[in-house]
Amino acid sequence: MGKRVLLADDDQLLASLLNFRLKKGGYEVHHSSNGKEVKEYLKTEMPDIIVSDIMMPYFSGIELIDFVRNELKSNVPIIIISSAGNEQNVLSAFELGANDFITKPVSPTELLVRVAREINKK
Amino acid sequence: MIPPRQIKISLITAPEFNLEYLWWLSISFMVLAVLYFIGIFLIRNRITSTNGRTKDKKIEFSPMISEFLFYEDSNSKEEKMNYLNLKIQIRELIKDSFDRRVLTEVLLDLRKDLSGQSQTVLIELYKDLGLHNEAFEKLASRRWQIISSGILELTTMEVMESYGLIIKFINHRQGTIRKQAEIAVVNLKEEGIGFFLDNTKYKISEWQQLKLLDVLRHKTNFEPPLFGLWLTSTNSHVVLFSLRLIKYYRQSDAEKSIITLLKHKKRDIQAEAIDCIKEFFFVSALPTLKMVYSKASIDIKIAILDAIGEIGSKSDVEFIEKLKKKERNFNIKSKVLGTLNKLDPESILPTKNIASSDYFSSEAENNDDVSEVIESIENEITIETPEIISQNIIEIKEDLVEKPNEPIIEEQIVSINSDEHLELAELKINEVERKVDTDVSEEITSVEESVVIDSVSEIELCFLPKVDIDVVEEEEVISINLETVQEDERPLTFDFLPLIISNPSIKEVITSNEDDDFVPLFSLDEDLDIEPIEIENQIDSFQENVIEEIDWTNVLNSNSYQDSEITKEPLISFENETVTFSANFMLEDELDTMVLLENIAEMGDCRELPMLQELLAENTSPLILDRTNELIQKFSYQSPRPNELFSSKNDLVESVFTEVYNHSDKETKLILLQEIKRIGDKKEIQLLESIINTESKTLAISAKSVLKHIKSQIVVTNAEAINTVKNNNPLFDVDFELGLSVASKRMMKSNENGSTIFDQLCSMSNTLYNKING
């Protein structure tokens, strides 16, 4: 059974592509399209890695990191997907405990490599 | 009074209108409204369903596209079969125009979100599926939106074949198409930027320039052409954009062209050329920069100075020195000084608000000398000023005689007491201080002269109230006021004492100031122990010891005393052919009472007599007493006497409601009865009794109720009267109390809410008016 990846992104098309790529890379992917779903999922199950977009409805990627690190007290690796020119958010994400980030436009292959690296680190 | 029903007003005749038309019109509008809502409903449903279908299609296409994007030759045979099947399936799907459109949308969206190999595969898929052909067709459309979207699509998907088609739109008259084409041309091919700069005839907006630069920046392996070639363009926007590109790509090979552009008529190009010169350190541009300086605008002058500061040397100091003397504009002058310091560091030192070194070293040594200087200056000023003032008075008199028909002149004050004058005096004193070491006596003379000149030139003329022009001619109020000497804090400051000048034709007024807070002018009185200073008669004594003669402390501390004195002064007094005006202040209570009396005089009648009697007893002010007595006399003799007012013969005994009641309909009468119940008294009894006897059953019942209520109130009033008497007379001491019913208490309370009978009548009148007018 592959490692579990939580993919949090409200862009259905991109999420579908990344989902496909990650699955093809041997991961078990759970996709959530908004922050609420992510929160509910994390309360029941903790994945091996979280890949989250910064801009999400209800619950942003930054809030998600804060929730995971401070409320759930989990050290699960978190990779943030952010738009180019969103440096301030990226810095905030790192301050709160994000492990890595990748900017849009995303290269699915690159993401796959980064996910693998973070899981290996763990 | 004419009853309302008898008033005949001729109505304006309106043309007859066929009601049938009105019905048709209403029906038409209703049908139109229904059609409108149906239309909106249908369009909304169509948009919703289309969006739903598009979403479903996107979900359907998404795994297919993923399969295509991440297909690898190393896939298993099964996967390869699956890929081939998907390809066939997707080709079938795109035969439908809707599906084709959705697929295009999906690919365009993904193009923005994906990078790397996935992006390349995506673009290949787009072309492989032949979706770009539809974009070509869009270019042939007549609608500018479609053409624009076609160009965008082809640019996004990097369809190089479209370049030839898109360049046609470079000079399209429609701005959106033109701008989209410009970006496409620059984006699609490396030589696109050259083509664009060669051919564009239109303005290139600042935003468009930024977008084009962004496109160029993100082009991989882009080798920029020499943009200096386009500095000769006839399109000034191309020249400007080229200058910016030259600066961005640091192409310094167009030195002469750039220097020539300093002489360009457009300020934007001049500024950009100066920036380039500064950037590339074109020293050869210095003569041209100096040449164009004289005719340049302020911002260009500043830019030129900045450039000279950057690329110039000490040999350019002379030019800048000239500018330093010539330039008057604050910004340019600041820049000139900055440039001078850049070319020759520390050549210009701060000068503003910098005290001389003597100021710090010689302060203690010169204290004694300075004191002497102050004394001499004071003496000189006190001697000189009255003469000057006298001259001014004569001039004013002459003016007044020359213009006898002029309207009233409000104030005449000759004063030297503003802050500016104090500062000027300080400056002069500082000047004296600095020069004391060299030659005290000479400086004293110069200071004396300058102070005298200042005091003359900056005299402020104000004019006091004037009634008679002849009197005003004789009245001049002069005050000279300067700061007190504060030797411990400042090296040399002094205060010109307030001057009061008086002679048979001059009235004295003194202003006092303490720490620059000026108190209002006040009249001096003999009671204040201040000796008047009559300039013309007492010049000699004034020169000698005028300061000692005046008890200023007493003056400054006697404001309250003066206030009380002023109120007792007559408003206008005539003494020695001089008219004196004094403020007549009234206490607040007195003022209120006077206002009340004036209101009573305007609106009151004999019923106010008791109040006036009370006021007469309570007040002692002669003004109030006089006015109260006047009003009592007026109301006592011009109106019915108080004892006549409430007699049965007097009309006033009749209820005020009678007339209104007689002209009202039944409903109004009922309302009126309610109002009578609320505010009526014994005067209404007669009216109520007549209603009970004559009116209909409903009104009679209501009137009975009101009558009963009023009678109960009268009983209460009588009981109160008895209580009052009882309290005053022990004979009425009884061991029980008269009780009031709850309703009576409520009623009393409602009548005690501060409303007068007049207010309540107004309210009732309003209610009736509203009732009558629906």
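Which side chains meet in a salt bridge with an N to O distance of 3.1 Å? In this predicted model, the side chains are those of B:E272 and B:K247. The pair links distant parts of the chain. B:E272 sits in helix α13 of chain B, spanning residues 267-280. B:K247 sits in helix α11 of chain B, spanning residues 236-249. B:E272 counts as buried because its relative accessibility is 8%, under the 20% limit. B:K247 is partly exposed, with a relative accessible area of 24%.

Helix α13 of chain B also holds B:R267. The side chain of B:R267 meets that of B:D299 in a salt bridge, at 3.7 Å from N to O. B:D299 lies in helix α15 (residues 298-311) of chain B, so this pair ties together parts that are 32 residues apart in sequence. B:R267 counts as partly exposed, at 46% relative accessibility. B:D299 is partly exposed too, with a relative accessible area of 40%. Over all chains, the whole structure contains 36 salt bridges.

Chain A also has a network of salt bridges, linking A:D100, A:E110, A:R114, A:R117, A:E118 and A:K121. Within it, A:E118 forms a salt bridge with A:K121. The closest N and O atoms of that pair are 3.4 Å apart. Both residues lie in helix α5 of chain A, which covers residues 108-121. They are three residues apart, about one turn of the helix. Their accessibilities fall in opposite classes. A:E118 counts as buried because its relative accessibility is 3%, under the 20% limit. A:K121 counts as exposed because its value of 59% is over 50%.

The fold of chain A comes next. Chain A has five helices and five strands. From the N terminus on, these elements run β-α-β-α-β-α-β-α-β-α. Chain A has 122 residues, of which 52% count as buried. Contacts between residues at least 6 apart in sequence were also examined in chain A, and 59% of them join residues at least 24 apart.

One position in chain A carries an annotation. An unreviewed UniProt entry lists A:D53 for "modified residue: 4-aspartylphosphate". In the model, A:D53 is placed in strand β3 (residues 49-53) of chain A. A:D53 counts as buried, at 4% relative accessibility. Leaving out residues up to four places away in sequence, A:D53 touches A:A8, A:D9, A:D10, A:G61, A:I81 and A:K104.

The two chains meet at an interface. On the chain A side, 13 residues are in contact with 18 residues of chain B. The chains bury about 1,400 Å² between them, with 62% of that area on carbon and sulfur atoms. A:L13, A:L17 and A:F20 supply 43% of the area that chain A buries against chain B, more than any other three residues. Helix α1 (residues 12-24) of chain A gives the largest share of the side that touches chain B, with seven residues. By class, that side has seven nonpolar, two polar and four charged residues. Between chain A and chain B the count of salt bridges is zero. Six residue pairs are in polar contact across the two chains, both residues being at pLDDT 80 or more.

On the chain B side, B:S66 is one contact point. B:S66 lies in helix α1 (residues 19-69) of chain B. Leaving aside neighbours within four places in sequence, B:S66 is in contact with A:S16, A:L17 and A:F20. B:S66 counts as buried, at 0% relative accessibility.

An unreviewed UniProt entry lists residues 21-43 of chain B for "transmembrane region". In the model, the span is 100% helix and 0% strand. The end C-alpha atoms of the span lie 33 Å apart.

A further position in chain B is B:I685, found in helix α32 (residues 684-694). B:I685 counts as buried because its relative accessibility of 17% is under 20%. Not counting residues up to four places away in sequence, B:I685 touches B:L707, B:I710 and B:I714. B:K704 is 19 residues from B:I685 along the chain, and the C-alpha atoms of the two are separated by 10.0 Å.

Terms used
Residues numbered from 1 in each chain as written. Chains lettered and ligands numbered in written order. Predicted model: local features only at pLDDT ≥ 70, side-chain atom pairs only at ≥ 80, totals over all residues. Heavy atoms only, no water. Contact = heavy atoms within 4.5 Å. Buried area = accessible area lost by both parts, 1.4 Å probe. Salt bridge = Lys/Arg side-chain N within 4 Å of Asp/Glu carboxyl O. Polar contact = N/O pair within 3.5 Å; in protein donor to acceptor, adjacent residues only side chain to side chain. Helix = DSSP H or I, 4+ residues; strand = E, 2+ residues; numbered from the N terminus. Nonpolar A, V, L, I, M, F, W, Y, C, P; charged D, E, K, R; others polar. UniProt positions renumbered as here; feature names shortened; annotations may be inferred. Buried < 20%, exposed > 50% of the residue type's maximum accessible area, 1.4 Å probe, protein only.
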